Amino acid sequence: MLFAIDKALSPTKHKRRKIDDINYVVVHRTIGATIDESIAEFKKVEKFEAGWYTGGIYPYHFFLPLYGDPVQCLPLTCVAPAALRTLNQQGIHVALAGDFRKQAPGGGQLIKLKHLVTSLNNAFNGDLEIIGHTETPLAHLEGSKDPSKVCPGAYLDLNDVRLYAMLHQSNLCELAPIDGLKRAGYIV
Ligand SMILES: [Zn+2]
């Protein structure tokens, strides 16, 4: 499972971090069925449009389209401004196309999410904590008391994802170890 980083996303605009800073995989819902649609949404910076809080910078490391394979959008050594006050610096941010407050993941998204998250966790020796955006340790700072802001939403069962990652800690190592991440372009 390898992904191309889209150079058009200009990783140079993002703050850099050390790989040792990473402790979490944070799962989000997002808009746009394809990566191109999703990027276009975040380039709209008018107030209340998706991009206004990032100034048009794409805020996630990975995007899972409705159909097809995950896309890596940023090197892991860039901080993704995923609208978290608490975990932007420490998180690998994975966004799935869809609104999981209203519907279940589609088109094989759930198993692809499980594979991606497990591969990442294994590359970090099983040390990553897998959480949803509004499950963050300081969720009270993230606006999660407002049900309209729940992310990714109850229809995406993160306990199922965590269980899968736990059960496959040793036998799904497509990306491990960290040197493999470097060769694959996850880290630059
Ligand atoms: Zn989110």
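**Note on the predicted model**

1. Asn-125 is exposed, since 11 other C-beta atoms lie within 10 Å and a residue counts as exposed at 12 or fewer. The structure discussed here is a predicted model. Asn-125 belongs to the loop between H2 and E5. Although Asn-125 is not a glycine, its phi is positive, at about 55°.

2. The sheet is open and consists of 5 strands in the order E3-E2-E4-E1-E5, with mixed pairing. Strand E3 (71–72) and strand E5 (129–132) each have a single partner strand and stand at the edges, so one side of each has no neighbour in the sheet.

3. Strand E2 (residues 62–64) and E3 run antiparallel and are joined by 2 bridges. Phe-62 has Gln-72 in E3 as its bridge partner.

4. Helix H2 (residues 109–123) lies across strand E1 (24–30), E2, strand E4 (91–97) and E5, and runs at about 170° to E4. Helix H3 (residues 158–167) also packs on the sheet, where it touches E1 and E5. The direction of H3 makes about 165° with that of E5.

5. Helix H1 (residues 35–43) contains the buried residues Ile-35, Ser-38 and Phe-42. These residues are on the same side of H1 because they cover an arc of only 65° around the axis. The strands against which the buried residues of H1 pack are E1, E2, E3 and E4.

6. A cis peptide bond links Cys-151 to Pro-152, with omega near 5°. Pro-152 is situated in the loop between E5 and H3.

Technical notes. Residues numbered from 1 in each chain as written. Predicted model: local features only at pLDDT ≥ 70, side-chain atom pairs only at ≥ 80, totals over all residues. Pairing = 2+ DSSP bridges. Helix = DSSP H or I, 4+ residues; strand = E, 2+ residues; numbered from the N terminus. Contact = placed C-beta atoms within 7 Å. Axes fitted to C-alpha atoms, helices over the stretch in contact; angles between N-to-C directions. Buried ≥ 20, exposed ≤ 12 C-beta atoms within 10 Å, placed from the backbone. Arc of directions from axis to C-beta.
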